[in-house]
Amino acid sequence: MEENYKASPLKLYSYWMSSCSFRVRLALNLKGLDYEYIPLVEGQQYTPEFMKLNPISYVPVLVDGELVIADSLAIILYLNEKYPHQHPLLPTDLHKKAINYQAASIVHSSIQPHQNQARYIEKEFGPDQKLPWLRYHIGKGFAALEKLLKDYAGRYATGDEVHLADIFLAPQLYAATKRFNIDMDQFPLLSRLDEAYSQLPAFQVAIPEKQPDAPSSRTS
């Protein structure tokens, strides 16, 4: 039974523009893990079939044999535990590990929930309120990250290896610059990290526009 479980292919339920899914794709790529990409069209996450996998109806969802895991942080930590020797996603130093957790939490808990409310803000208060909302909350989170990482950053967020903090930062920076036109001049450290991430092959194939369900992919 255990051998069959280990041999089961990984399946990732994803949406091309989801930054949460982007994080998991990046982690899978860094670890060199093959997986089946299962795209969800908008609205499909509310179907009974998908809500059996994740009752809160969000992507990503990872299926590993009989195990189903939702939430990007849970998935990434699971992958790191199951495949500890394939590009470890946390440093061994306890202090740096804590900084990675904190940086990931700022993105996961303090930036993205507000970012996702932008559609509601636009609907309820008008389209001219969307960008100020986004810029305020993303800017607040980026200012905190700039201060948090200034004494730890090397080539990447907490040194010269890509770790958990980078996996959360890279998609958030990509969204901020490519989708929301956030002025990055006030965040020199994050701007430098953004450039470093753009050179990573694992990042380059994980970007939204390269996914099979991206509009450009479907029409090419």
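The protein chain of this predicted model contains 11 helices and four strands, where helices (H or I, at least four residues) and strands (E, at least two) are DSSP runs numbered from the N terminus. Residues are numbered from 1 along each chain as its sequence is written, and side-chain values use heavy atoms, with hydrogens and water left out. Because the model is predicted, local features need pLDDT of at least 70 and side-chain atom pairs count only at pLDDT 80 or more, whereas totals for chains, interfaces and linings use all residues. Of the 220 residues of the chain, 47% count as buried, buried meaning under 20% relative accessible area, exposed over 50% and partly exposed in between (1.4 Å probe, protein chains only). Among contacts (heavy atoms within 4.5 Å) between residues at least 6 apart in sequence, 67% join residues at least 24 apart.

In helix α9 (residues 188-198), the buried residues are L189, L190, L193, D194, A196 and Y197. Seen down the axis of α9, these buried residues fall within an arc of 165° (taken from the directions from the helix axis to the C-beta atoms), so they line one face of the helix. Helices α8 and α9 pack at an angle of about 100°, with their axes 10 Å apart; axes are lines fitted to C-alpha atoms, for helices over the stretch in contact, and angles run from 0 to 180 degrees between N-to-C directions. That angle makes α8 roughly perpendicular to α9, given that angles under 35 degrees count as roughly parallel, over 145 as roughly antiparallel, 65 to 115 as roughly perpendicular and the rest as oblique. In this contact, D166, L169, A170, L173, Y174 and T177 of α8 meet L190, L193, D194 and Y197 of α9. The residues involved divide into seven nonpolar, one polar and two charged, where Ala, Val, Leu, Ile, Met, Phe, Trp, Tyr, Cys and Pro count as nonpolar, Asp, Glu, Lys and Arg as charged, and the others, Gly among them, as polar. Not counting residues up to four places away in sequence, Y197 touches Y156, A157, D166, L169, A170, L173 and F203.

The axes of α2 (residues 19-30) and α4 (residues 72-82) come within 9 Å and cross at roughly 10°, which makes α2 roughly parallel to α4. Here C20, R23, V24, A27 and L28 in α2 meet S72, I75, I76 and L79 in α4, a contact with seven nonpolar, one polar and one charged residues.

In helix α5, I106 counts as buried at 14% relative accessibility and, leaving aside neighbours within four places in sequence, is in contact with I111, G141, A144, L145 and L148.

Backbone features of note occur in loops. In the loop between α3 and β3, S57 has a positive phi of about 70° although it is not a glycine, and S57 is buried, with a relative accessible area of 8%. H87, in the loop between α4 and α5, likewise has a positive phi, near 45°, in a residue other than glycine, but counts as partly exposed at 24% relative accessibility.
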